[in-house]
Amino acid sequence: LIITSDHGELLERGCKGHDTPLLYDPILHSPLLIHAPGQTTRRNIHTPVNSVDILPTVLHLAGKSIPDWCEGQILPGFGGEDDDERSTFSVDAKLNPAFTPLQIATIAMRKGQYKLMYFKGYFEGEDSYELYNHEDDLDELHNLYDSEKAIAAQMKDELLERLNEADREFSRR
């Protein structure tokens with residue numbers, strides 16, 4: 001039995017509906033409850049995961065092979081490993097033309113206690129970044145991008161590398 005939903009809302013910052021490019025945690029977090037066959041006790045998992053992890057987890061629990069094209073990983077607690085340093089990504093690109101490289105998008109990358117947000121193509125075309133430390137700032141109110149330069153640079157490099165990989169398929173068209 002799997003219970004989940006789409007994303008949340010960001011009402012506390014004055015955003016209503018789905019018209020915001022912001023990817024703060026109240027928008028990104030969605031519930032995920034799984035009761036596996038034969039499970040008799042509750043286990044809370046606090047490792048960052050993504051919705052793309054559900055398919056490989058279900059296939060694993062059903063004893064099926066996971067196809068190469070399948071994104072995601074088997075969830076911790078269901079055969080996967082806890083990895084607090086795993087990079088997870090979320091994207092909002094509703095203003096970007098379909099099947100093209102991302103020119104107008106927000107990309108959020110979570111790694112360990114940090115979250116980097118990249119605003120691409122907004123603010124008169126000038127790219128912008130925000131960095132938050134979730135150990136000290138769960139509400140994401142204190143942007144550390146300019147003060148935590150080493151962490152910001154490392155995460156920015158990884159995010160842009162992954163973005164370039166994702167855009168490659170659409171750049172060939």
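This note goes through the predicted model point by point, from its overall build to its cores, strands and salt bridges.

1. Basis of the model. Because this is a predicted model, local features need pLDDT of at least 70 and side-chain atom pairs count only at pLDDT 80 or more, while totals for chains, interfaces and linings use all residues. Residues are numbered from 1 along each chain as its sequence is written, and side-chain values use heavy atoms, with hydrogens and water left out.

2. Fold outline. The protein has 3 helices and 6 strands, where helices (H or I, at least four residues) and strands (E, at least two) are DSSP runs numbered from the N terminus. Read from the N terminus on, the elements follow the order β-α-β-α-β-β-β-β-α. The radius of gyration of the protein is 17 Å, close to the 16 Å that the globule rule gives for 173 residues, so the protein is as compact as a globular protein of that length; the radius is taken over C-alpha atoms, and the rule is 2.2 Å times the number of residues to the power 0.38. Along its principal axes, the C-alpha trace spans about 55 × 45 × 35 Å.

3. Surface and contacts. The protein exposes about 11,100 Å², of which carbon and sulfur atoms supply 52%; accessible areas come from the Shrake-Rupley method with a 1.4 Å probe, and for residues only the protein chains shown count as cover. Buried residues make up 34% of the 173 residues, with buried meaning under 20% relative accessible area, exposed over 50%, and partly exposed in between (1.4 Å probe, protein chains only). Among the contacts (heavy atoms within 4.5 Å) with a separation of 6 or more, residues 24 or more positions apart account for 46%.

4. The nonpolar cores. A nonpolar core is a set of buried Ala, Val, Leu, Ile, Met, Phe, Trp, Tyr and Cys residues joined through side-chain atoms within 4.5 Å. The largest such core has 15 residues, and those with the most contacts inside it are Ile-107, Leu-116, Tyr-118, Leu-131, Tyr-145, Met-155 and Leu-159. At least two residues of this core come from each of β4, β5, β6 and α3, and the largest share, 4 residues, is supplied by α3. Apart from this core lies another, of 8 residues, among them Leu-23, Tyr-24, Ile-27 and Phe-119. Leaving aside residues up to four places away in sequence, Met-155 touches Met-109, Lys-111, Tyr-114, Lys-115, Leu-116 and Leu-131.

5. Strands β5 and β6. Strand β5 (residues 114-120) pairs with β6 in the antiparallel sense over 6 bridges, pairing being assigned if DSSP finds at least two bridges between two strands. The bridge partner of Tyr-118 in β6 is Tyr-129. Of the 6 residues of β6 (residues 128-133), 5 are buried, so this strand is largely enclosed by the rest of the structure.

6. Helix α2. The buried residues of α2 are Ile-54, Pro-56, Thr-57 and Leu-59, and they pack against β1 (2-4) and β2. After α2 comes Gly-63, whose phi is positive, near 75°.

7. A search of the whole structure finds 8 salt bridges, each being a side-chain nitrogen of Lys or Arg within 4 Å of a carboxyl oxygen of Asp or Glu. The side chains of Arg-43 and Asp-82 form one of them (3.6 Å, N to O); Arg-43 lies in the loop between β2 (32-34) and α2 (54-61), Asp-82 in the loop between α2 and β3 (88-92), 39 residues apart. Asp-82, at 48% relative accessibility, counts as partly exposed. Another salt bridge joins Lys-111 and Glu-158 (3.1 Å, N to O), linking strand β4 (residues 105-111) to helix α3 (residues 149-171) across 47 residues. Lys-111 is partly exposed, with a relative accessible area of 24%.

8. A buried charged pair. Lys-115 and Glu-140 meet in a salt bridge (2.8 Å, N to O), with Lys-115 in strand β5 and Glu-140 in the loop between β6 and α3, 25 residues apart. Lys-115 is buried, with a relative accessible area of 1%, and Glu-140 also counts as buried at 1% relative accessibility. Salt bridges that share partners join Asp-25, Arg-110, Lys-115 and Glu-140 into one network.
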